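This report describes the packing, aromatic pairs and selected residues of one protein model. The sequence and structure come first.

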Amino acid sequence: MGRMPKDRDPSEGISARFVSFSADSADRPGINDYDSFAEGYTAANETGFVHAYYERPAMLALAGDVAGRRILDAGCGAGPLFAALRDRGAIVTGIDKSAGMLEQARRRLGHGADLQVAELGSPLPFPDDTFDDVTASLVLHYLEDWGPTLAELRRVLKPGGRLIVSVNHPFRENLWHREAGLEPDYFATYDYTVEWTAGGQSAVLRFWTRPLHAMTDAFTAAGFRITVISEPAVAPDTPRELLPDDIADGRRLLCFLFFVLHACL
């Protein structure tokens with residue numbers, strides 16, 4: 001994230017322009033259409049700093065030894081986390097609402113990969129107690145109401161199974177909005193929209209921000225036990241030239257928030 005409403009051009013090659021800030025929950029046409037910039041976003045995501053050297057390494061570190069574990073990659077996009085988990089011996093299924101992003105995933109993973117179009121918040125096409133783990137990488141913050149999604153993820157997890165989550169950090173979002181001259185209520189749940197451009201392709205994306213206590217309340221209400229809340233450092237092998245000046249020494253940044261949750265027995 002960066003300042004609003006100025007354009008942003010981080011090292012991952014995605015520019016972001018603030019569009020609006022509201023508490024209007026009505027659906028709007030053309031929002032979150034990843035099909036419209038699937039190819040550009042995939043290329044930018046592949047080697048960009050916050051994805052390749054911060055978010056994905058953190059998710060993999062939290063997952064630990066996954067050999068032989070059956071994992072649902074919920075909101076898998078073009079499949080970079082799917083690929084990394086599969087390389088570590090996991091048996092992975094990927095779902096995403098964007099057919100365009102899944103086509104990018106098939107190019108990466110091969111046509112034998114288990115990839116399905118499915119939308120979080122709707123019933124998932126899996127029996128109860130199917131997966132050992134679910135990963136939800138940077139996807140929950142697209143949803144206003146986490147309840148139906150978390151209930152479905154809890155249903156398809158085996159008892160004691162793990163849900164590993166990354167989301168936009170609410171402290172960073174609040175700071176970002178204040179830097180834009182807005183006066184957001186940290187304790188409210190509200191949405192904002194940003195136009196992202198990558199590889200010459202653009203999409204208007206809508207995010208929902210909510211306070212930390214609303215996140216933890218949603219997790220526990222859905223039958224999860226919180227075992228880890230993480231604000232990790234960037235990967236130790238991050239090239240020095242990719243590090244923003246303000247984190248070059250401590251190698252920490254306020255960007256995403258990570259959770260490991262266990263499905264209650």
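The model is predicted, so local features need pLDDT of at least 70 and side-chain atom pairs count only at pLDDT 80 or more, while totals for chains, interfaces and linings use all residues. Residues are numbered from 1 along each chain as its sequence is written, and side-chain values use heavy atoms, with hydrogens and water left out.

**Nonpolar cores**

A nonpolar core is a set of buried Ala, Val, Leu, Ile, Met, Phe, Trp, Tyr and Cys residues joined through side-chain atoms within 4.5 Å. Buried means under 20% relative accessible area, exposed over 50%, and partly exposed in between (1.4 Å probe, protein chains only). The largest nonpolar core has 31 residues, and Leu85, Leu109, Leu115 and Phe256 touch the most other members. Two or more residues each come from helix H2 (49–63), helix H3 (80–87), helix H4 (99–109) and strand S10 (256–263). H2 gives the largest share of this core, 7 residues. Helices (H or I, at least four residues) and strands (E, at least two) are DSSP runs, numbered from the N terminus.

Contact means heavy atoms within 4.5 Å. Neighbours within four places in sequence aside, Leu115 is in contact with Cys76, Phe82, Gly94, Leu102, Ala105, Arg106 and Leu109. Another core, of 29 residues, lies apart from the largest one; Leu140, Val156, Val167 and Phe219 are among its members.

**Ser137**

Ser137 is in strand S5 and is buried at 16% relative accessibility. Its side chain makes a polar contact of 2.7 Å with the side chain of Glu55. A polar contact is a pair of N or O atoms within 3.5 Å; within protein, one must be able to donate a hydrogen and the other to accept it, and residues adjacent in sequence count only if both atoms are side-chain atoms. Leaving aside neighbours within four places in sequence, Ser137 is in contact with Glu55, Met59, Ala74, Gly75, Leu81 and Ser166.

**Aromatic rings**

Rings of Phe, Tyr and Trp (its six-membered ring) pair if their centres lie within 6.5 Å; planes under 30 degrees apart count as stacked, over 60 as edge-to-face and the rest as tilted. The count comes to 11 aromatic pairs. In one of them, the ring centres of Trp176 and Tyr192 are 5.7 Å apart and the planes stand at 90°, so this pair is edge-to-face. The pair links distant parts of the chain, with Trp176 in helix H6 (residues 170–179) and Tyr192 in strand S7 (residues 190–198), 16 residues apart. Ring pairs also link Tyr34, Tyr142, Trp176, Tyr192 and Phe207 into a cluster.

**Positive phi**

Asn32, although not a glycine, has a positive phi of about 60°. Asn32 is found in the loop between strand S1 (14–22) and helix H1 (38–47). Asp129, also not a glycine, has a positive phi of about 60° and lies in the loop between strand S4 (114–117) and strand S5 (131–137).

**Cysteines and accessibility**

The structure holds 0 disulfides, a disulfide being a pair of cysteine sulfur atoms within 2.5 Å. The table gives accessibility for two cysteines and for residues named above.

| Residue | Relative accessibility | Class |
|---|---|---|
| Cys76 | 6% | buried |
| Cys264 | 33% | partly exposed |
| Trp176 | 5% | buried |
| Tyr192 | 0% | buried |
| Asn32 | 17% | buried |
| Asp129 | 39% | partly exposed |
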